[in-house]
Amino acid sequence: MIDERTGEPGDAQTSFGFRNVAEGERQGLVNEVFAKVAQRYDLMNDLMSGGLHRLWKDDLIGWLAPPRSGRAFRLLDVAGGTGDVALRFARATDTDGTAVICDISPEMLDVGRHRVADAGLDGRIELVEGNAEALPFPDRAFDAYTIAFGIRNVTHIDQALREAYRVLKPGGRFLCLEFSECRIPLLDRVYDFHSFEVIPRLGKLTAGDAQPYEYLVESIRKFPKQERFADMIRAAGFSQVKYRNLSGGIAAMHSGWRI
């Protein structure tokens, strides 16, 4: 993109909620949001989903169906700093099931470290600071890759999907849980009202700051709809791509395999 003031190449634009920002600025703005909400992450997700995120994450592990015992199985959970998914995975497997949590936010990872230690699972769950677009792991290192409510905060989603493909072993599974397009008439209107009118006000009351919640709601509306996101997963190289709507499409789980 050409900067009209100088005639020189300028930063490409991307969305940060409903406003456009330079691509080079977006990640820092997203990091600021999660630095603010890290200590209230569960509360944030409760406000965003009416508490349903807890059931949806259970569904994610249920669809992953990791082996309970007898076979080493290594999970990479990206943008999962507070440990919600990795802890569920560890409880669904025995000591042969291990996980790495990778998150770009040190504040979120700090919350996760305390939770993992409190659960007595720090021998099976490792936490690593890293960017979903440039994962600090070798090729073909993991049996499964999960990302829950994180991929819409990535600047270059296509690059993050290519990285997911790269770090999975042949036969490895990609699973993504993300807010999506509600497809039940009337419920979609109720959900919109809750999202744009209720959530920011509750965020202001409970956390003292509505802005992070406004961004998170807006980012949901900017995220690709179910079919388009499935096409992006296929374009990254995954096979047998499918998705399941949850709660009428308020959230969706997407699955793909590295064959």
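A pocket is here an open set of grid points with protein on both sides within 12 Å along at least five of seven lines, and its lining residues are those that have an atom within 4 Å of a point. In this predicted model, the second largest pocket is lined by F179, S180, E181, C182, D188, Y191, D192, I220, R221, F223, P224 and K225.

- The space in the second largest pocket amounts to about 150 Å³, and the elements that give two or more residues to its lining are helix 7 (187–207) and helix 8 (211–222).
- Helix 7 accounts for the largest share of the lining of this pocket, with three residues.
- Sorted by class, the lining of the second largest pocket consists of six nonpolar residues, one polar residue and five charged residues.

**Cavities**

- Three cavities of 30 Å³ or more are found when the whole structure is searched, and the largest cavity holds about 250 Å³ of space.
- The largest cavity is lined by 20 residues, among which A79, D103, I104, G150 and N153 are the closest to its centre.
- Helix 1 (23–37) and strand 4 (97–103) each contribute at least two residues to the lining of the largest cavity, and helix 1 gives the most, with four residues.
- In the lining of the largest cavity, eleven residues are nonpolar, seven are polar and two are charged.
- For the second largest cavity the volume is about 60 Å³, and of its 13 lining residues Y41, A79, G80, D84 and A148 lie nearest its centre.
- Two or more residues of the lining of the second largest cavity come from each of strand 3 (73–78) and helix 4 (84–92), while the class division of this lining is six nonpolar, four polar and three charged.
- A79 is named for both spaces, being among the residues closest to the centre of the largest cavity and among those nearest the centre of the second largest cavity.

**Helix 2 with helix 3**

- The axes of helix 2 (residues 41–49) and helix 3 (residues 53–64) come within 9 Å and cross at roughly 95°; since angles of 65 to 115 degrees count as roughly perpendicular, helix 2 and helix 3 are therefore roughly perpendicular to each other.
- On the helix 2 side of this contact are Y41, D42, N45, D46 and S49, which meet H53, R54, W56 and K57 of helix 3.
- The residues of the contact between helix 2 and helix 3 comprise two nonpolar, three polar and four charged.
- Y41, which takes part in the contact with helix 3, is also one of the residues that lie nearest the centre of the second largest cavity.

**Helix 2 with helix 8**

- Helix 2 and helix 8 have axes that come within 12 Å and cross at roughly 50°, which makes helix 2 oblique to helix 8.

**Helix 6 with helix 9**

- The axes of helix 6 (residues 157–167) and helix 9 (residues 226–235) come within 9 Å and cross at roughly 50°, and helix 6 is therefore oblique to helix 9.
- The crossing of helix 6 and helix 9 is right-handed, and the contact is formed by I157, D158 and L161 of helix 6 together with F229, M232 and I233 of helix 9.
- By class, the residues of the contact between helix 6 and helix 9 are five nonpolar, no polar and one charged.

Technical notes: Residues numbered from 1 in each chain as written. Predicted model: local features only at pLDDT ≥ 70, side-chain atom pairs only at ≥ 80, totals over all residues. Heavy atoms only, no water. 1 Å grid on protein atoms, 1.4 Å probe; cavity = no way out; pocket = protein on both sides within 12 Å on 5 of 7 lines; lining within 4 Å. Points joined across faces, edges and corners; volume = space filled by probe spheres on them. Nonpolar A, V, L, I, M, F, W, Y, C, P; charged D, E, K, R; others polar. Axes fitted to C-alpha atoms, helices over the stretch in contact; angles between N-to-C directions. Parallel < 35°, antiparallel > 145°, perpendicular 65-115°, else oblique. Left-handed = near helix turned anticlockwise from the far one by under 90°. Contact = heavy atoms within 4.5 Å.
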